[in-house]
Amino acid sequence: MNALIAQIEKGKPFFEKVSRNIYLRAIRDGFISAMPVILFSSIFLLIAYVPNIFGFIWPKTIENGLMTPYNYTMGIIGFLVAGTTAKSLTDSMNRRLESTNQINFISTMLASMAGFLIMAADPAKEGGFLSAFMGTKGLLTAFIAAFITVNVYKFCVKHNVTIRMPEEVPPNISQVFKDIFPFAFSIIILYAIQLVVHATIGVNVAESIGTLLAPLFSAADGYIGITIIFGAYALFWFVGIHGPSIVEPAIAAITYANVETNYQLLQAGQHADKVITSGTQMFIATMGGTGATLVVPFMFMWLTKSKRNKAIGRASVVPTFFGVNEPILFGAPIVLNPVFFIPFVLTPIVNVWCFKFFVDTLGMNSFSVNLPWTTPGPLGIVMGTGFGILSFALAALLIVVDVAIYYPFVKVYDEQILAEEAAGGDAADSLKEKVAANFDTKKADAILENSDAKADAESSSIQEETNVLVLCAGGGTSGLLANALNKAAAEYGAPVKAAAGSYGAHREILPQYQLVILAPQVASNYDDMKAETDKLGIKLAKTEGAQYIKLTRDGQGALAFVEEQFKD
């Protein structure tokens, strides 16, 4: 097992490079920016159709009124994501350009959205647009529009293809003329693609992409496809790579389109049978977090004999219940721990197999509503699939199955820790060393070892108001450290205020902070982030592995860590 893990770890640099690809990142960040729209629209779906389960049906006029906000939010999500993806990609491109010669992200957003309409929205006979492909069915077209647009702008900016105005002209007016050529070229190129596709196939670009990739979508929905997709999440995470950064952008268009398709099937009185959805990833494969670890803290707390494991279980139960499982991942540790390799990768796969069996064989409806990822797993299953009786049975079954898979490995690990405790050694010392080697924790460990000897705020080197931004992948894990910092700052009277956020949705608020801390999931983005913080004169620190969990549990140590970042 150790040899297998070592082989997987050898590929880590390559996969980290893939996860930092600016196009994959643009897709992911584009969705993060659009998430308020997605979640907002789902509220109206729940209000409109959940009562149907209990025999109550809204009058048609009220139903239409409830669905109007949905149709004009989720119904045009492709149009909106074309803009947010272009904005994210523009930010990445600008990091590589001179600060005096940047791409105007407002202009790229507008050009991308206009180009998307050309390729996805056919004109209606009575005026306006036909919206069939302006929603989730047009997401792939949105990415194409964004990628082509931003690259056209990059070419024009780098080669000064622009209309130069006299120096006396105000900058805001000059910018308008600077953007004319790249805007025009982008629209012309996208329109040319639309004309060629329509002349060749007879449909618009968005519809042609859906037709072309339909066989791929069908294959991905099979048992082999879901095994590869959802197994990859856990496999990458196990060796320290944020799996969603690689997998989610590749399947995002499928998952959100399938949710919309399932909803339409339900409205037509048919079976919602699309398995690969955002809900499948959040509440089935990663129930309680990557590795389907919802049951693990409870098992540590109730089924182990080691005092250390019981303490880790108690500390991890609440965060993991809401999908933030880093405390158990790095506290046990589970990542890089050969004992847990099999259950960590196998459990998500088995969960999705069970889900697919319930959908395909037993006739359970799949997910037709998008819910916040912090919704507890069992509740997310029930709500996302429409409160059906089978959804309750599935949620209970998955808990039993997950316990059965993890149990023998938890017992083996507990025996190892008990033996180490009996021998008077530091429990899991060798694993800690391995995690530290993989996640580069030496600097922070040294800081934490000396944290008890540090004076409190009266002798702190931080005398002025200091704002700290903690970033993780989804804004959940970062909240643990931000809360610990705020609590400690209030206790010791330190002039520190911390906030949590998600990487990719931070750029507009970045100037408000003096220090940015990267959580383990996004630590591989350190170089990209440093390019942003250096321009603004902001300090940047990354936290890796078990170090991060120590900081969230030790407020004084977390303050000491912040103080250390401002020392020369």
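Helices (H or I, at least four residues) and strands (E, at least two) are DSSP runs, numbered from the N terminus. The structure is a predicted model, in which local features need pLDDT of at least 70 and side-chain atom pairs count only at pLDDT 80 or more, whereas totals for chains, interfaces and linings use all residues. Residues are numbered from 1 along each chain as its sequence is written, and side-chain values use heavy atoms, with hydrogens and water left out.

Cys472 lies in strand E1, which covers residues 466-472, and an unreviewed UniProt entry lists this residue under "modified residue: Phosphocysteine"; such annotations may be inferred rather than shown by experiment. With a relative accessible area of 1%, Cys472 is buried (under 20% relative accessible area, 1.4 Å probe, protein chains only). Contacts (heavy atoms within 4.5 Å) of Cys472, not counting residues up to four places away in sequence, include Thr477, Gly501, Tyr503 and Val522.

The unreviewed UniProt entry also annotates transmembrane regions, among them residues 70-90 and 213-239. Residues 70-90 are 76% helix and 0% strand, with end C-alpha atoms 29 Å apart, and for residues 213-239 the corresponding values are 89% helix, 0% strand and 31 Å.

The axes (lines fitted to C-alpha atoms over the stretch in contact, with angles from 0 to 180 degrees between N-to-C directions) of helix H5 (residues 77-94) and helix H6 (residues 105-120) come within 8 Å and cross at roughly 145°. Residues making this contact include Phe79, Ala82 and Lys87 of H5 and Phe105, Met109 and Phe116 of H6.

How values were computed:
Buried means under 20% relative accessible area, exposed over 50%, partly exposed in between (1.4 Å probe, protein chains only).
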